[in-house]
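Please keep the sequence and the 3D view open while you read.

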Amino acid sequence: MPRTNLSSPPASTAVSSNPDLPPPGGLCAIHQPNLFPRLSTLAKLFAADYWIVLDDVQFTRRDYQHRALLAALGDQRRQWLSIPTHLPQGQPTRIKDALIVDLARSRRRTESMLRQYYASSPHWPAFDRALAPVLERFSTGKTATVAEASTRILLDLLGWNGRILHSSQLAARPGRSQRLADLAAVTGARSYLCGTGGMTYLDSGLFSACGVTVTPFRIPTAGAWDSGRQVSAVLALMSVGPQSLADALRTVAAQTITQPVACRPTA
């Protein structure tokens, strides 16, 4: 998966001529880097043409930015895999500036827990090989770098051909909806892929003003999807394998990406 290295942020919300930006007209997802993300999050990113990593907003403790809920194969065991994280600027620390506590121990625990839960899967060898770059990222000392890499390898294993950008390298105005609308517009997106939670607060007028529609993304609720909003997608990957999971996510994308709809305007 290619890395994006924008030399400078665009000066406005017009589509940039920077060659590192994706071709205009794509479907974008905007999401914080999550550690081995949940199946619901991975499904949304997989459905998008590109993912804008929201790395310049405030880090949130006890969220999925530095932890993942692992579920065992064949039984009911669940356990949090967490990366201890220090916030140099206290609560206002941005996601991209959060630091890993005890690099060596955190790396060992991450590898050990994943192996403990999933080494019995026939799909473990492929995942184990892909895991190496994630473990190497611990040397950067950045929680977000490890979390992003953990998502990258899952998307790679599923054969995703999209692009990855970073909000910290793009121009956007403040405000919850305004920032998302600007990020979608500056990258030339035709539509923003929005989860059901976001549909309750986004101001559709701000997106319309930027020439961007909003496309709702909904996941099923039955079967493996029953826990898809809590449990890491690694469980599904180790249960059915990359090809079967990719096929399932393509089906979900085709069934749940509907015509763009209006969001609820903010007051």
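Strand S1 (residues 27-31) and strand S2 run parallel and are joined by four bridges, where two strands count as paired if DSSP finds at least two bridges between them. Helices (H or I, at least four residues) and strands (E, at least two) are DSSP runs, numbered from the N terminus. This is a predicted model, in which local features need pLDDT of at least 70 and side-chain atom pairs count only at pLDDT 80 or more, while totals for chains, interfaces and linings use all residues. Residues are numbered from 1 along each chain as its sequence is written, and side-chain values use heavy atoms, with hydrogens and water left out.

**The sheet around S2**

- The open sheet has five strands in the order S7-S2-S1-S8-S9, with parallel pairing, and its edge strands are S7 and strand S9 (213-216), each of which pairs on one side only.
- Neighbouring strands of this sheet are turned against each other by 30 degrees on average, direction ignored.

**Helices that pack on their surroundings**

- S1, helix H1 (residues 39-47) and S2 form a right-handed β-α-β unit; right-handed here says that, with the strands pointing away from the viewer, the path from the first strand over the helix to the second runs clockwise.
- H1 and helix H4 (residues 143-157) pack at an angle of about 65 degrees, with their axes 11 Å apart, the axes being lines fitted to C-alpha atoms, for helices over the stretch in contact, and the angles running from 0 to 180 degrees between N-to-C directions.
- Where H1 and H4 come together, Leu-42, Leu-45 and Phe-46 in H1 meet Thr-151, Leu-154 and Leu-155 in H4, a contact being heavy atoms within 4.5 Å.
- Helix H5 (residues 176-186) is mostly covered, with nine of its eleven residues buried, among them Leu-180, Leu-183 and Val-186.
- The buried residues of H5 pack against S1, S2, strand S8 (191-194) and helix H6 (204-209).

**Positions with a positive phi**

- Most residues other than glycine have a negative phi.
- Arg-62, which is not a glycine, has a positive phi of about 60 degrees; Arg-62 is found in the loop between S2 and strand S3 (67-71) and counts as exposed, at 67% relative accessibility.
- Asp-102 likewise has a positive phi, near 60 degrees, and lies in the loop between strand S6 (99-100) and helix H2 (103-118), where Asp-102 is partly exposed with a relative accessible area of 44%.
- Gly-188, which follows H5, has a positive phi near 80 degrees.

**The chain as a whole**

- The chain has eight helices and nine strands, and 52% of its 267 residues count as buried.
- Among contacts between residues at least 6 apart in sequence, 73% join residues at least 24 apart.

Methods
Buried means under 20% relative accessible area, exposed over 50%, partly exposed in between (1.4 Å probe, protein chains only).
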